[in-house]
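This briefing goes through selected side-chain pairs, a helix packing and some backbone features of one structure. Please read it alongside the sequence and the model.

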Amino acid sequence: MKSWVALLRAVNVGGTGKLPMALLREMAEAAGFAEVRTYIASGNLVFRSGSTRDAIRAALETRLESYAGKPVGVLIRDAAEMERVRADNPFAGYPGNRTIAFFTDQPISADTLSAARHVRDEQMVLGPGVIYIFYGDGMADSRLIIPVTGTMRNMNTVTKLAEMAAAT
């Protein structure tokens, strides 16, 4: 069995997609995952499974759609991938709450970054399956739009998830 991290899109953010973390843990356990834990109430799940990435995603998305009545996107990373995102952070010297990893399963290239809209003081760097973004003035007033679908976590959260996955 392998350690995995599931990152749910648009869960418990801005008053939308309400999902109690206890229910998320129950869904994961019902899917056969072991050592299931959540971290903060924004759709972060750490667990062990012998299933493939695609099977894990499908099991969670099916249960989440049944609960929410609409599709809920799930991005899956293994423990090593989460650690690599943490270790490769090009903005490691900056505050973790102003630096985020934007996770995506879509292809990303330099063209993706040049197509971003409403860029002000944000700095962006590509990584494998992730775009690192440093919000110099913070995220509250940013209007940055990146033309790919994904989900973001600040680097404080990425660090904690990487630690949890390594210990699972």
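Asp 54 is exposed, because its relative accessibility of 53% is over the 50% cut-off. The model is a predicted one. In it, the side chain of Asp 54 meets that of Arg 57 in a salt bridge, with 3.0 Å from N to O.

- Asp 54 and Arg 57 are three residues apart in helix H2, so about one helical turn separates them.
- Arg 57 has a relative accessibility of 17% and therefore counts as buried, the limit being under 20%.
- Arg 57 also meets Asp 105 in a salt bridge, at 3.3 Å from N to O.
- This second pair joins distant parts of the chain: Arg 57 belongs to helix H2, while Asp 105 sits in the loop between strand S5 (99-103) and helix H4 (110-114), 48 residues apart.
- Asp 105 is partly exposed, at 46% relative accessibility.
- A network of salt bridges links Asp 54, Arg 57, Arg 77 and Asp 105.

**Salt bridges elsewhere**

- How many salt bridges does a search of the whole structure find? The search finds seven.
- One of the salt bridges is between Glu 81 and Arg 53, whose closest N and O atoms are 3.0 Å apart.
- Glu 81 lies in helix H3 (residues 79-87) and Arg 53 in helix H2 (residues 53-68), so the pair, 28 residues apart, links distant parts of the chain.
- Arg 53 has a relative accessible area of 25%, which makes this residue partly exposed.
- In general, side chains of opposite charge can pair when their charged atoms come close.

**Aromatic pairs**

- The count of aromatic pairs comes to four.
- Among them are Phe 91 and Tyr 94, with ring centres 5.9 Å apart and planes at 15°; the pair is stacked because planes under 30 degrees apart count as such.
- Tyr 94 also pairs with Phe 134, and here the rings are tilted, with 4.3 Å centre to centre and 35° between the planes.
- Phe 91 is buried at 6% relative accessibility, and Phe 134 is buried with a relative accessible area of 9%.
- Tyr 94, at 39% relative accessibility, is partly exposed.
- Through these ring pairs, Phe 91, Tyr 94 and Phe 134 are linked into a cluster.

**Packing of H1 and H2**

- Two packed helices are described by the angle between their axes and the distance between the axes.
- Helix H1 (residues 21-30) packs with H2 at an angle of about 135°, and the axes are 10 Å apart.
- That angle makes H1 oblique to H2.
- The crossing in which H1 passes H2 is right-handed.
- On the H1 side, the contact is made by Leu 23, Leu 24, Met 27, Ala 28 and Ala 30.
- On the H2 side, Leu 60, Arg 63, Leu 64 and Tyr 67 make the contact.

**Positive phi at non-glycine residues**

- Glu 35 is not a glycine, yet has a positive phi of about 50°.
- Glu 35 lies in strand S2 (residues 34-38).
- His 118, also not a glycine, has a positive phi of about 60°.
- His 118 is placed in the loop between H4 and strand S6 (123-127).
- With a relative accessible area of 47%, His 118 is partly exposed.

**Asn 89**

- Is Asn 89 buried or exposed? Asn 89 is buried, with a relative accessible area of 11%.
- Asn 89 is found in the loop between H3 and S5.
- With neighbours within four places in sequence left aside, Asn 89 is in contact with Thr 99, Tyr 132 and Met 155.

Technical notes:
Residues numbered from 1 in each chain as written. Predicted model: local features only at pLDDT ≥ 70, side-chain atom pairs only at ≥ 80, totals over all residues. Heavy atoms only, no water. Salt bridge = Lys/Arg side-chain N within 4 Å of Asp/Glu carboxyl O. Helix = DSSP H or I, 4+ residues; strand = E, 2+ residues; numbered from the N terminus. Buried < 20%, exposed > 50% of the residue type's maximum accessible area, 1.4 Å probe, protein only. Phe/Tyr/Trp six-rings, centres within 6.5 Å; stacked < 30°, edge-to-face > 60°. Axes fitted to C-alpha atoms, helices over the stretch in contact; angles between N-to-C directions. Parallel < 35°, antiparallel > 145°, perpendicular 65-115°, else oblique. Left-handed = near helix turned anticlockwise from the far one by under 90°. Contact = heavy atoms within 4.5 Å.
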